[in-house]
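Biologist: I have just opened this one and would like a careful walk through it. Could you start with the terms I will need?

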Amino acid sequence: MAILTEYSIWLSLLCILIGVLFSFLLYYKNKDIDFGKRNLKILMALRGLSIALIAFLLLAPLTKMTLKKSEKPILLFALDQSESIISGADSLYYKNEFPKQYKSLITQFGDKYDVILYSIGDNSRKVDENSFEFSDKSTQISDLFEEMNTIYSNRNVGAVVLASDGIINKGSNPIYSLKQSKFPVYTIGMGNPDIQTDLFIAGITHNAQTFKGNIFPVEIKVAANKLKGKTAQLSIFQGNNEVFSTNIAIANNQFFTTIKTNFEAKSKGMLKYRVVLSQLDGEITYKNNTSPFYIEVVDEREKIAIIYNAPHPDIAAIKSALELSDKYQLDVMSIDEFKGSLNSYSLVILHQLPSLQNSAQNLMNEIQKTKASVLYILGPKSNLSIFNTLKSGVSIVKNKDLTNESLPSFNNNFISFTFSEEAKQLLPKLPPLITQFGDYNVSVGANVFFYQKIGGVATNYPLIVFNDQLGLKSGVITGSGIWQWKLYDHLYTDNCDVFNEIINKIALYLSAKGDKSLFRVNSKNLYNENDQINFNAELYNESYELINNSDVNMVIQSSSGKKYPYQFSKNNNSYQLNIGELPPDDYTWIASTQFGSKTYNKSGAFSVRQMMVENQNLKANYQLLNTISVQTKGKFYNVKEMSKLENDLKSNENIKSIATYHKNYNMLLNSIIYFLVIVLLLGCEWFIRKWNGGY
């Protein structure tokens with residue numbers, strides 16, 4: 001500890017001199033009481049020291065304390081809790097013996113290490129030492145490393161111990177997430193890396209939606225290991241009716257084939273099909289011999305026109321996302337090819353129109369005439385002066401001929417449609433759009449979907465915004481370059497599901513026929529069994545103002561008749577309901593509320609499909625685990641070598657406690673000890689004076 005002051009330390013001698021003079025005048029010059037020479041010296045010393053200490057406070061002294069803190073090394077243990085771990089022939093070992101061995105390994109590091117346990121599967125999460133459920137329906141490892149790099153980047157992490165079979169079927173390749181890793185990853189290989197006797201459905205390819213009356217194709221990928229010479233039967237059922245069947249001759253020990261067939265969409269709604277492979281002797285499991293798939297059949301195709309000022313990658317990206325749905329019929333044309341009529345279109349997407357080169361006045365007049373919904377995509381060629389007159393919900397006043405790089409930031413108060421958690425998590429990784437530098441003014445009734453985040457600073461400028469004015473819907477993407485979102489989505493997730501979700505949700509919202517009812521409930525038609533099931537509800541008064549004064553109740557019923565009652569929670573002026581996960585089944589729901597003397601009801605249906613990805617491939621991927629360890633300077637171990645892992649971790653000289661020093665500054669005036677010392681000095685002086693008859 002040290003004492004500092006902004007004044008010269010020599011002034012402390014003046015404080016001592018003040019104390020000496022004060023005590024000298026009080027005792028040496030005062031001869032009224034004879035305390036005796038010994039007591040007189042003690043009294044003068046006590047008074048002089050206390051006055052000097054008080055005077056020293058006038059120099060505003062600070063105390064500087066250097067504190068040493070020792071931080072034990074952190075060991076992060078992550079265990080794969082997915083179904084594939086217990087789907088093989090050694091399932092009994094992982095259910096009974098492995099938990100004991102794993103817990104024993106963890107307990108060996110309790111004293112000198114801080115042990116933090118994680119579970120991976122559908123997501124990464126902290127768990128306790130008794131968590132061995134092995135029930136997750138998918139496996140992703142990349143988000144574990146991303147969380148480690150974010151949360152523990154400035155901590156004393158000695159190592160990460162990852163126990164997994166290396167089979168990933170969700171998220172991005174974890175190798176991409178290792179570039180920022182600053183600590184070694186030791187991997188434990190679970191499962192069986194050998195090819196095992198099995199017949200399984202390797203994948204099903206089909207459209208998510210189709211139009212009523214259409215013939216839609218379905219492709220079933222079938223694989224077989226070590227079953228050469230045998231014959232399997234593949235059947236497809238709709239409900240209890242078999243609608244397709246064929247025999248498959250397995251020609252070799254590593255067999256793969258694709259079965260193609262077509263079905264007619266005869267009725268509207270969510271159609272459920274079930275693919276079944278016959279069970280052959282010697283298979284390691286029969287769980288992967290069955291897999292369901294769903295087709296949503298709609299009875300009305302929406303026509304969408306994409307009209308552009310000039311060719312741009314945004315157009316191809318948006319077109320590819322919308323073409324995934326059979327619900328839309330797309331017409332893509334330049335402004336020069338526009339024929340002058342929009343009567344048949346539910347949505348018009350304008351890319352950088354009106355532009356600096358073409359005011360597109362005829363097109364703007366036709367939009368006003370047909371009252372078609374519009375999605376404006378702005379860019380450097382957009383004519384903002386004309387755009388600001390279109391009542392799109394946002395206007396932009398350019399200050400200079402400059403642009404910004406704007407990242408998307410989700411508006412948590414957005415209620416127009418649901419947006420998945422997977423998509424929200426990917427948003428921070430997407431590249432920026434090029435937006436105009438200027439002042440953005442958003443209409444009172446507009447609803448912002450994404451805000452702009454510029455230079456790491458969140459703003460209230462809209463990146464994607466919607467406006468609904470007297471039933472006329474419009475949307476604005478205030479920047480160009482959205483095609484890059486598709487590339488980055490594929491980079492991080494090996495698919496384009498998030499990009500496709502954004503584009504299709506925008507198109508669905510804008511092209512949907514306006515719901516004029518006072519009570520509205522929105523939800524998805526299809527969920528995976530590990531999805532969180534969400535509903536949004538809105539209640540309007542006669543003036544079409546959002547209100548949430550009343551309670552909204554919902555009853556969900558399974559196909560077997562089991563009922564689940566719920567009540568919506570209030571969020572701003574709307575309602576939300578998260579019921580968590582439900583088992584695979586077909587469900588119907590009825591939502592009701594009462595406002596004034598009127599009762600409002602809404603009904604609908606949704607399906608929860610069984611996830612089978614964990615059973616499609618049961619061959620452990622030790623090569624991936626070994627690559628993770630090599631790239632992070634860790635080491636790979638077989639599950640039977642956990643005792644060797646323990647010794648290697650304990651003998652690693654880089655995994656050790658670290659000492660950190662922190663400097664703490666405080667005003668000496670605030671010190672209780674300093675105050676008590678002064679009181680003690682004055683108290684002792686008072687006691688001696690009283691003892692000798694003084695006052």
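Modeller: A salt bridge here is a side-chain nitrogen of Lys or Arg within 4 Å of a carboxyl oxygen of Asp or Glu. Please keep in mind that this is a predicted model, in which local features need pLDDT of at least 70 and side-chain atom pairs count only at pLDDT 80 or more, while totals for chains, interfaces and linings use all residues. Residues are numbered from 1 along each chain as its sequence is written, and side-chain values use heavy atoms, with hydrogens and water left out.

Biologist: How many salt bridges does the structure hold?

Modeller: The structure holds 16 salt bridges. One of them joins Asp 401 to Lys 398, with the closest N and O atoms 3.2 Å apart.

Biologist: Is Asp 401 buried or exposed?

Modeller: Asp 401 counts as exposed, because its relative accessibility is 71%, where exposed means over 50% relative accessible area, buried under 20%, and partly exposed in between (1.4 Å probe, protein chains only). Lys 398, at 36%, counts as partly exposed.

Biologist: Which residue forms a salt bridge with Glu 83?

Modeller: That is Lys 137, and the closest N and O atoms of the pair are 2.4 Å apart. The two link distant parts of the chain, since Glu 83 sits in the loop between β3 (74-80) and α3 (91-107) and Lys 137 in the loop between β5 (125-126) and α4, 54 residues apart; helices (H or I, at least four residues) and strands (E, at least two) are DSSP runs, numbered from the N terminus. Both Glu 83 and Lys 137 are buried, and together with Glu 529 they are linked in a network of salt bridges.

Biologist: And what separates Glu 646 and Lys 650?

Modeller: They are separated by about one helical turn, because they are 4 residues apart in helix α13 (residues 642-651). Glu 646 forms a salt bridge with Lys 650, the closest N and O atoms being 3.2 Å apart.

Biologist: Changing topic, in what order do the 5 strands of the open sheet run?

Modeller: The order is β9-β15-β14-β11-β12, with mixed pairing, and two strands pair if DSSP finds at least two bridges between them. The edge strands, each pairing on one side only, are β9 (209-211) and β12 (241-249).

Biologist: How many bridges join β9 to β15?

Modeller: There are 3 bridges between β9 and β15 (residues 290-298), and these strands run parallel. Thr 210, for example, has Val 297 in β15 as its bridge partner.
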